[in-house]
Amino acid sequence: MTVSTSTQLDITRIAGHIGAQIDGVDLAADLDGGTVAAIRAAVLAHKVVFFRGQQLDAASQEAFARRFGTPTAAHPTVPSLEGSPAVLDLDYSRSSGRANHWHTDVTFVQHPPLGSILRAVTIPEYGGDTVWANTVRARDTLPAELRELADRLWAVHSNAYDYVADARQGDETADARARREVFTSTEYVTEHPVVRVHPETGEKALVLGGFVRRFVGWTGSDSRDLLRVLQGHVTELENTVRWRWAPGDVVFWDNRATQHYAVADYGDQPRRVQRITLVGETPVSVSGAESRVVTGDDTAYNTSLA
């Protein structure tokens, strides 16, 4: 992979294989083209970048996001923040709405987001970190035989599962049921290659996570066993970086090369973040085949804000 830019940023790597902090940049400012290109190059190189102490609101967060692409609607089914159609307001104060499972954002549609930009609004005094994993390194470090199998496999992704209804919480509460019904109000099912070729870097990344139902042509039981093995490689500690949030933090990650997990260890403390996602491409397999829609049209999600 080659990334280059004429603008130098103050970049500090956080972990060995993913994640970097960028200092000295005011994301609310009118950034010049060189700075925007340098941030984009950092996202491609480090997969996820972190900015401390930013003074953004929903409008300026969207303005920053637009420098890197076109924002999607907030979500294919979940309503946006009032007055901000691109912003998904995530209030994780209630356990039924927490994102404590490994996932890549919105992989159940044909065109999953290019990237996600998340802004901290309210952060608990302790706990509530988020962890990201490098799915490029995960694929590259698979044993050769398993890597060859992954390169050929396809997986069925669906919005039947998400952070809005975490089955591990036990009996479903009325609040959790209402969230699940909203999330699945339109059914999306898409077949993606298990390994996609990154459209900008040419790297090969695993496309897995919590929205996978099964592998195409495999039984549910066999799929679960193989998914456990592959996911185990994604989430090896050497592939991850963990971020301790502070109010005002902004995180920008390449959704085509990562998974993430919000750690639910903060009890009843309030935790609120706001996310914008950018319109992405149709994933392409190692053999050059594009992802296939089974049901659900993502046109409105990806073009309503263009």
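Which residues does Phe51 touch, not counting residues up to four places away in sequence? The legend to view 1 gives the list. This is a predicted model, in which local features need pLDDT of at least 70, side-chain atom pairs count only at pLDDT 80 or more, and totals for chains, interfaces and linings use all residues. Residues are numbered from 1 along each chain as its sequence is written, and side-chain values use heavy atoms, with hydrogens and water left out.

**View 1. Phe51 and its contacts.**
Phe51 sits in strand β3 (residues 48-51). Strands here are DSSP runs of E, at least two residues long, and helices are runs of H or I, at least four long, all numbered from the N terminus. Phe51 touches Ile22, Leu27, Ile39, Gly248, Asp249, Val250 and Phe252, leaving out residues up to four places away in sequence. Contact means heavy atoms within 4.5 Å. Phe51 is buried, with a relative accessible area of 0%. Buried means under 20% relative accessible area, exposed means over 50%, and partly exposed lies in between (1.4 Å probe, protein chains only).

**View 2. Gln21 in strand β2.**
Strand β2 (residues 20-23) holds Gln21. Gln21 is buried, at a relative accessible area of 17%. Its side chain makes a polar contact of 2.9 Å with the side chain of Asp23. A polar contact is a pair of N or O atoms within 3.5 Å; within protein, one must be able to donate a hydrogen and the other to accept it, and residues adjacent in sequence count only if both atoms are side-chain atoms. Beyond its neighbours within four places in sequence, Gln21 is in contact with Asp10, Ile11, Thr12, Ile14, Phe50, Arg52 and Trp243.

The whole structure contains 12 aromatic pairs. Rings of Phe, Tyr and Trp (its six-membered ring) pair if their centres lie within 6.5 Å; planes under 30 degrees apart count as stacked, over 60 as edge-to-face and the rest as tilted. One of the pairs is Phe50 with Trp132, edge-to-face, at 5.4 Å centre to centre and 75 degrees between the planes. Phe50 lies in strand β3 and Trp132 in strand β6 (residues 130-134), so this pair ties together parts 82 residues apart in sequence. Both Phe50 and Trp132 are buried. Trp132 also pairs with Trp245: the ring centres are 6.5 Å apart and the planes at 50 degrees, so the pair is tilted. Trp245 lies in the loop between β12 (240-243) and β13 (250-254) and Trp132 in strand β6, so the pair ties together parts that are 113 residues apart in sequence. Trp245 is buried, and so is Trp132. Ring pairs link Phe50, Trp132, Trp243, Trp245 and Trp253 into a cluster.

**View 3. Strand β6 between β12 and β14.**
An open sheet of 3 strands runs in the order β12-β6-β14, with antiparallel pairing. Two strands pair if DSSP finds at least two bridges between them. β12 and β14 stand at the edges with a single partner strand each, so one side of each has no neighbour in the sheet. The twist averages 20 degrees from one strand to the next. β6 pairs with β12 over 4 bridges and with strand β14 (residues 258-262) over 5 bridges. Val131 stands opposite Arg242 in β12. Ala133 stands opposite Thr240 in β12 and opposite Gln259 in β14. In β6, 5 of its 5 residues are buried. Thr130, Trp132 and Asn134 are on one side, and Val131 and Ala133 on the other.

**View 4. The sheet β11-β7-β8-β16, and Arg292.**
These 4 strands form an open sheet with antiparallel pairing. β11 (212-215) and β16 (292-295) are the edge strands, each pairing on one side only. From one strand to the next, the twist averages 25 degrees. Strand β8 (residues 189-193) pairs with β16 over 3 bridges. Glu191 has Arg292 in β16 as its bridge partner. Arg292 also lies over the face of Trp154, at 3.9 Å from the ring centre. A charge sits over a ring if NZ of Lys or CZ of Arg is within 6 Å of the ring centre and within 35 degrees of the ring normal.

Note on methods
Axes are lines fitted to C-alpha atoms, for helices over the stretch in contact, and angles run from 0 to 180 degrees between N-to-C directions.
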